[in-house]
Amino acid sequence: MSGFSQVVRGQAVERPPYPRSPLRYGFIPILMFAHGCAGIQSTLEPTGAEARQIATLFWVMVIGGSVVWLAVIGTLLYAARWKGEPHSAQSAGRLILWGGAIFPAVVLMALLAYALWLMPSLRPQSGEPPSAPLRIEVTGEQFWWRVSYRSKNHEASIASANEIRLPLGQRVEFVLKSSDVIHSFWIPSLGGKMDMIPGRTNRLSLLATKVGIFRGPCAEYCGTSHTLMAFYAMVMDPAAFDIWLEAQSQPSEELASDGKLRFISNGCGSCHTVHGTEATGTLGPDLTHLGSRESLAAGILPNTEEAIRRFIADPDVIKPGSKMPAFRMLPEDDLQAIASYLKGLK
Amino acid sequence: MFVRWWHMVLVLVVAPLAVILFAWIGFFNVGASTGHWKITEWFLHFAMQSAVRTYALSVEVPDELPRAGVQPAAAHFTTGCAICHGAPGEPRSPVVKRMLPQPPDLTTVVDKWSDEELFRIVKHGVRFTGMPAWPTQARDDEIWAMVAFLRELPSLDPQQYRKLAYGSTGLPSAQHSGFERALADCVRCHETNGAGRSALTPIIDGQSEAYLLESLRAYAEGSRASGFMTQAAANVDTDDLERLARYFAAQSPPALERAPTSHAASRGREIAERGLSARRVPACLGCHGGSAHNPAYPKLWGQRADYIEAQLRLFREGKRSGTAYSHLMLNAAKKLTDEDIRAVATYFAAQASRSTMTTR
């Protein structure tokens, strides 16, 4: 911004007292960062109805703001360079009335009306009966996401973690909670953000308009590993989504492995659930179908056997402040077998 | 005469040098044979008694001294304390009596101290005397057990004392070395079958061998805090520790009577089976139950409630260590209330004997 205004001033005034700043081309490297405005975590490249509305609101603001800004600067330059007779008090008074009171009031009213008009779809009232056929409850925990799907096709809710899948072109209602501190749920490409507040239930409604994988970060500082708390949101073709959700409601395919025995015998089931086994703990993420998830440890590791092994051994190193105790004392065989068992849970 | 600056120099520099010179020449007699001057002795005692009285102000006395701990404390007293202080039927040796200061015969002096003061002395020892601190600063429960024993001490006759300290035979071990000697030492508290003689002593018969061995090692090297057990395990050979673990693991526990289920036990069962998700307490049985579990996790079925309770409190306070797996319990126990701990302990204690449970 500073580089830009320097250039404008240089052109307009053309007088030497303004030294040529070595920073005058500083905006060029800044433009290079604009590359970051695209991609799987961008509000400027919307792939959902809500994000689209917010992006439109953003551009209206940016362009409108730029026009107002140019008008103000133009008036300023005009006033500074005017060499003729002073304007009459009456015409100056008119300018102040129209430019200083009526114009801003109209613009602000219009913006307010526009934003209020957007509100209902972005901020569904709580307590309202579920309007969407699919409701996804997401609970923020230090430092991961508890996810539970409620679909009209399924009686029971379907538990998952650290990944959200939604069908293309269908409205999905998110029920957002927190179990410990304030987190914030945000999928920039699709919509949000919405805080997750302990003891409260917030709601958000999203409609995805493009198939793809998008990323969501925790958008409210929540502790030591706040930056290591993210997830992937995958927008799927509705038919594929239904098949996937149906598969999620079933236990994982049993692979003959003694990794399962070691998983149980070392007590992993006290905190984690794997459907269809003795493991029914609910303190940590549900691990049924872990192997089929896009990422590991809330969006921070690739979902590979090696990464699973590493996380079991050193969760406190990979994710400081994690509630999971380290299992680096397990024999290498056990770590390997458990990692391979979990990776096999597709 | 005025005090001038060089007078100060004389005092601050020369006087300490003179003291060092005096010590270096070596005329100061550090021998114990002649005793202290009367005034030195009075001053040292006066300072010691005052310090104990003052520091004891911050000691919180439990509502009731843990009488269940009298037996293990007596057994520890035999190996740790009696050598200097003597015991009923075992007077102090002539050698000990020439220590300076002379360790008192406790039967005659414990009444002069309050419970807080005894606790303070036992826990921290006394500087400039032969009185050592407790082997660990993390086990106030053991120190209170010792205080409870000391309160009993003056009224014990030799026979009663020996029964407490040496086990049912009432005789010190005739073994002098090796595994038999080490086992005889264990048996004084744990009995030949590992059932344990007091409510605070764990039942170790039929316990997992891996867990017993790791625990013994941790006691021996002091990483699991216990004055009683460190004293007992520290001087045992590594090989003998393995044999001891094997020995007790192989004992079959006597059938325990199933206690009638109580309210506490049913709440304990709830915690054991499901945990307390609101307070992030995982289910105990995820590790301590089920069809198969890691042998490093102790078996808790039929364990004594008082022992489980004491250990859970230590975990909650972050003072319990042991096997390489013990840190798993720190988070698990952190949020337990006193009632939860009591309930869980009652539940496990009320379960049928371990031998009937399937293990891997």
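**View 1. The residue pair P167(A) and M236(A) in the predicted model.** In this predicted model, P167(A) stands opposite M236(A), a residue of β10(A). The two strands concerned, β4(A) and β10(A), the latter covering residues 230–236 of chain A, pair in the parallel sense over 5 bridges. Helix α5 of chain A, residues 238–248, lies across β4 and β10 of that chain and runs at about 135° to β4(A).

**View 2. The open sheet of 3 strands in chain A.** The strands of this open sheet follow the order β4-β10-β9 in chain A, and their pairing is mixed. At the edges stand β4 (163–167) and β9 (212–217) of chain A, each of which has a single partner strand, so one side of each is left without a neighbour in the sheet. Direction ignored, neighbouring strands of this sheet are turned by 25° against each other on average.

**View 3. The open sheet of 5 strands in chain A.** Here the order is β3-β2-β1-β5-β8 in chain A, again with mixed pairing. Because β3 (158–161) and β8 (202–207) of chain A stand at the edges with a single partner strand each, one side of each is left without a neighbour in the sheet.

**View 4. Chain A as the setting of both sheets.** Chain A contains 9 helices and 12 strands, and 33% of its 346 residues count as buried. Of the contacts in chain A between residues at least 6 apart in sequence, 63% join residues that are at least 24 apart.

**View 5. Helix α3 of chain B and its surroundings.** Helix α3, residues 70–80 of chain B, is mostly covered, with 9 of its 11 residues buried. The buried residues are V70(B), Q71(B), P72(B), A73(B), A74(B), A75(B), H76(B), F77(B) and T78(B). These buried residues of α3(B) pack against several helices of chain B, namely α4 (82–85), α8 (140–152), α9 (158–166), α10 (178–190) and α12 (227–233).

**View 6. The annotated stretches of chain B.** An unreviewed UniProt entry places the feature "domain: Cytochrome c" at residues 68–154, 162–252 and 263–352 of chain B. Over residues 68–154 of chain B, the chain is 53% helix and 0% strand, and the end C-alpha atoms of this stretch are 18 Å apart. For chain B as a whole, the secondary structure comes to 18 helices and 0 strands, while the C-alpha trace spans about 90 × 50 × 40 Å along its principal axes. Of the 360 residues of chain B, 39% count as buried, and among contacts in chain B between residues at least 6 apart in sequence, 74% join residues at least 24 apart.

**View 7. The contact between chain A and chain B.** To this contact chain A brings 15 residues and chain B brings 18 residues. Sorted by class, the side of chain A that touches chain B has 6 nonpolar, 7 polar and 2 charged residues.

Key. Residues numbered from 1 in each chain as written. Chains lettered and ligands numbered in written order. Predicted model: local features only at pLDDT ≥ 70, side-chain atom pairs only at ≥ 80, totals over all residues. Helix = DSSP H or I, 4+ residues; strand = E, 2+ residues; numbered from the N terminus. Buried ≥ 20, exposed ≤ 12 C-beta atoms within 10 Å, placed from the backbone. Contact = placed C-beta atoms within 7 Å. Pairing = 2+ DSSP bridges. Axes fitted to C-alpha atoms, helices over the stretch in contact; angles between N-to-C directions. UniProt positions renumbered as here; feature names shortened; annotations may be inferred. Nonpolar A, V, L, I, M, F, W, Y, C, P; charged D, E, K, R; others polar.
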